[in-house]
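I opened my notebook to look through one chain. These are my entries, in the order I made them.

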Amino acid sequence: MKTLYLDIFSGISGDMFIGAMFDLGLDAHGFEHELKKLRLDEFHLQVSRGERGAIAGTKFDVHLAHDHGHAQSHSHEHEHGAEAHSHEHIHAHGSEHHDHLTGESHGPHGGPLLETSAGRVELSVFETNVPPRFRLYCFDVHGHEVGPLADKDVTLETIREGKKRQVFQFKKHGAYLEATEELPEPHEFHAVLKIKRGGKNEKYETEFVEDHHHGHGHEPHHAGAETSGSGHEHGRNFADIEKLIQGSKLSPWVKEKSVAVFHRVAVAEGKIHGHPPEQVHFHEVGAVDSIVDIVGACVALEMLGKPRVLAANPIEGTGTIRCAHGTFPIPAPATLEILSARGATLHQCEEPGELITPTGAAILAEFVEAFGPMQHLAVEKIGYGLGTRHNKTRPNVLRAIFGEGSKGQGPKPKVGSNKELDWESDTVAVLETNLDDINSELLGALVEKALAAGALDVFYTPVTMKKSRPGVLLTLLCAEADADEFSELLLRETTAFGVRRTVATRRKLRREAKTVKTKFGHVAVKFGLLNGRVIQASPEFESCRTVAGRAGVTVREVYDAARKAVNV
């Protein structure tokens, strides 16, 4: 069957995923036609060729439009040094000769506009979950975004209180110039833009106040949690987004999968903040560009024929990020919750900064059937989706490999109705050792230590050993990548002289965490679903115990009441 393998050696975001799909040959205008069915606020899409770390690929961006009329698409080319990059824009706006920025003091990325001899230049600051840096966008006389100025001809000086000055140089990044240095806080200063044109030095000045650029994160990026749109977009909750998607004319499959991806984010955010998923208010992931990323990912997969999706174990960076709720260590809280709920094995590399966004994590969690090395795949196409940031240690790209899976990687089992089973699967290492001379107290301590260190499960089974001696079979389950670490633990903490190691494939029900109402109070319940149907439900013991303590009844009474409320 057709298979898509995602090589996540440098992380994943929504825009990188879609960029990789375009690099595989996805039809841009068919994609645009499907996204129009969302009937969102006006936006336009940009699909462009570029490079990250000398790897050529496709960059996908979403830009919010302002005061535009009817739909129009066009393409043009920008010269980037000795290299020409082709950019295709798909957007909704007025007639070709209408000035889109007439009367506007700020550009579509939230920054102030400067009138220059080269056209209008928007002075923007990009800082969504990454260190803030200046970005300069250029527009022609009709308000269309055009290629940037030559980076060697542009400098920007900031003048703060006490006449403290700082000069910024720029480097081309696709359709904009980005400062080579970070911008320190506060973002309130006098800005002087200096441009060299025709042997003359031109100077343009403006006051830059933070309140004037609250929406500068319209461009999806691969450097942190998904970018945010204009201020009014931040209040969307899961119910709002579900209503938006279900009310569209998208295909039933795209609707189902889009809602499922958002639901994974909602469950993660709800767990972090202690709210039911339906009440979660999205910040970055509720913005227009992130909605386009998630729905667009589902549209792209449908256009590719709904291939089976496999992936390498995801790689994340190191350090901290700034998100809507403050500074957090990487991985971001939502990203970690989403991947852990899916059972994915996450590795961190030496690259500073966030490589996996919550949207990227949710796409993986929803579509990837199994994580691990690529096997038995006859490769037909290879695509590279580009991230925004230029990484220090590895190219900022997502490699997508499309081909035909052989029998060794064959199709999922089918039930009698020929409907595929939608269970989740992964691989784990199984470590075993037989012991007949270990102190039971040491054995108990080992189990606690292994679980605290991240083992998936640890248990022992009574067995009969050599010379009819009673003993135990000690079994430990862990991620494949952690097998050596736990093998060493078993050898050091027990009386074992050796550890057997095998790799097992697991089939798991899709899981959802919800609360049910009982006469004693609300109880958390874990549900197991197969093909959309709940076939298992298990009240959480700790929740039952807490409710029982408050209500003054036994835990069993609460447990039975929760089971009755579930009625599976």
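**Entry 1: strand S22.** I began with strand S22, residues 397-405, where seven of the nine residues are buried, so the strand is largely enclosed by the rest of the structure. Buried means under 20% relative accessible area, exposed means over 50%, and partly exposed lies in between, with a 1.4 Å probe and protein chains only. Strands (E, at least two residues) and helices (H or I, at least four) are DSSP runs, numbered from the N terminus.

A note on what I am reading. This is a predicted model, in which local features need pLDDT of at least 70 and side-chain atom pairs count only at pLDDT 80 or more, while totals for chains, interfaces and linings use all residues. Residues are numbered from 1 along each chain as its sequence is written, and side-chain values use heavy atoms, with hydrogens and water left out.

**Entry 2: partners of S22.** Which way does strand S1 run against S22? I found S1 (residues 2-7) antiparallel to S22, joined by six bridges. Two strands pair if DSSP finds at least two bridges between them. Lys2 stands opposite Glu404 of S22. Strand S21 (residues 377-386) also pairs with S22 in the antiparallel sense, over nine bridges. There I noted Ile382, whose bridge partner in S22 is Ile401. In general, strands of a sheet pair through backbone hydrogen bonds, either parallel or antiparallel.

**Entry 3: Thr3.** I then picked Thr3, which lies in strand S1. Is Thr3 buried or exposed? Its relative accessibility is 0%, so Thr3 counts as buried. I listed what Thr3 touches, leaving out residues up to four places away in sequence: Pro307, Arg308, Leu310, Leu377, Ile401, Phe402, Gly403 and Gly405. A contact means heavy atoms within 4.5 Å.

**Entry 4: helices H1 and H5.** Next I looked at helix H1 (residues 14-23) and helix H5 (residues 288-303), whose axes come within 9 Å and cross at roughly 30°. That makes H1 roughly parallel to H5. Axes are lines fitted to C-alpha atoms, for helices over the stretch in contact, and angles run from 0 to 180 degrees between N-to-C directions. Angles under 35 degrees count as roughly parallel, over 145 as roughly antiparallel, 65 to 115 as roughly perpendicular, and the rest as oblique. From H1, the contact uses Gly14, Asp15, Phe17, Ile18 and Met21; from H5, it uses Val292, Asp293, Gly296, Ala297, Ala300 and Leu301. The crossing of H1 and H5 is left-handed. A crossing is left-handed if the near helix is turned anticlockwise from the far one by less than a right angle, and right-handed if clockwise.

**Entry 5: helices H4 and H5.** Helix H4 (residues 252-273) packs with H5 at about 135°, and their axes are 9 Å apart. That makes H4 oblique to H5. I noted a right-handed crossing for H4 and H5. The H4 residues here include Trp253, Val261 and Phe262, and those of H5 include Ile291, Ile294 and Cys298.

**Entry 6: an open sheet.** What is the strand order in this open sheet of three strands? I read S27-S28-S29, with antiparallel pairing. The edge strands, each pairing on one side only, are S27 (510-518) and S29 (533-539). Neighbouring strands of this sheet are turned by 35° against each other on average, direction ignored. Strand S28 (residues 521-530) and S29 are joined by six bridges. Lys526 stands opposite Ser538 in S29.

Entry 7: Most residues other than glycine have a negative phi, and most peptide bonds are trans. Asn531 is not a glycine, yet its phi is positive, about 55°. Asn531 sits in the loop between S28 and S29. It is partly exposed, at 25% relative accessible area. Arg39 also has a positive phi, near 55°. I placed Arg39 in the loop between helix H2 (28-35) and strand S2 (43-52). Arg39 is exposed, with a relative accessible area of 69%. The peptide bond from Ile330 to Pro331 is cis, with omega near 5°. Pro331 lies in the loop between strand S18 (326-329) and helix H6 (333-342).

**Entry 8: the whole chain.** The chain has eleven helices and 29 strands. Of its 568 residues, 53% count as buried.
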